[in-house]
Amino acid sequence: MKPLLWWLRFLQFAQYPLVRRASLLIYLSLLTLLSLLPESGLPRVKLFPHADKLIHMTMYAGFTFLLFFNWPQTFSRWRVWLPLLAVVAWGMAMEVLQGVGGLGRAFDLLDEAANISGFFPGWLLWNWFNKQLQIA
């Protein structure tokens, strides 16, 4: 019940653009940090084969949701695909940096595919959320 209360309190403040922008900036910072941490700095928990792809998809679904959350009117009609371009670009940048960073990480095209696939659940979640609260 506490997480639900936390979200309801957050939504009270979410009407302010500064809160929305800060949430996106913090999320993007965490996404970048987790993407660029050395492999030795990441926890080793084996859930099931390719669980990391589900994690990538979930992280980029959150990124997509926050893009729509910050600019609901901007990303309407044909511009709904602009956040997809942001997801593709950011995910590719993280993968390239992993490949050249020398931190024990490597470029993985399947990770990028998982990042891109995160757009769709993030977009669907935004549509559901927006209909519930009528933000846009």
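**Helix packing in a predicted model**

Me: At what angle do helix H4 (residues 82-100) and helix H5 (residues 109-117) pack?
Reply: This is a predicted model, in which local features need pLDDT of at least 70 and side-chain atom pairs count only at pLDDT 80 or more, while totals for chains, interfaces and linings use all residues. Residues are numbered from 1 along each chain as its sequence is written, and side-chain values use heavy atoms, with hydrogens and water left out. Axes are lines fitted to C-alpha atoms, for helices over the stretch in contact, with angles from 0 to 180 degrees between N-to-C directions. The axes of H4 and H5 are 9 Å apart, and the angle between these helices is about 155°.

Me: How are H4 and H5 oriented to each other?
Reply: Angles under 35 degrees count as roughly parallel, over 145 as roughly antiparallel, 65 to 115 as roughly perpendicular and the rest as oblique. With an angle of about 155°, H4 and H5 are therefore roughly antiparallel.

Me: How many nonpolar residues does the contact of H4 with H5 have?
Reply: The contact (heavy atoms within 4.5 Å) is made by Leu84, Val87, Val88, Gly91, Met92 and Glu95 of H4 and by Asp111, Glu112, Asn115 and Ile116 of H5. Ala, Val, Leu, Ile, Met, Phe, Trp, Tyr, Cys and Pro count as nonpolar, Asp, Glu, Lys and Arg as charged, and the others, Gly among them, as polar. By these classes the contact has 2 polar and 3 charged residues, and its nonpolar residues number 5.

Me: How are H3 and H5 oriented to each other?
Reply: Asp52, Lys53, His56, Met57 and Tyr60 in H3 meet Leu110, Asp111, Ala114, Asn115 and Ser117 in H5, a contact with 4 nonpolar, 3 polar and 3 charged residues. The axes lie 7 Å apart at an angle of about 40°, and H3 and H5 are therefore oblique.

Me: How many of the 20 residues of H3 are buried?
Reply: Buried means under 20% relative accessible area, exposed over 50% and partly exposed in between, with a 1.4 Å probe and protein chains only. Across the 136 residues of the protein chain, buried residues make up 32%. H3 is largely enclosed by the rest of the structure, because the number of its residues that are buried is 15.

Me: How far apart in space are Asn130 and Phe68, C-alpha to C-alpha?
Reply: Asn130 is found in helix H6 (residues 119-133), and at 15% relative accessibility this residue counts as buried. Helices here are DSSP runs (H or I, at least four residues), numbered from the N terminus. Asn130 and Phe68 are 62 residues apart in sequence, while their C-alpha separation in space is 9.4 Å.

Terms used: Helices (H or I, at least four residues) and strands (E, at least two) are DSSP runs, numbered from the N terminus.
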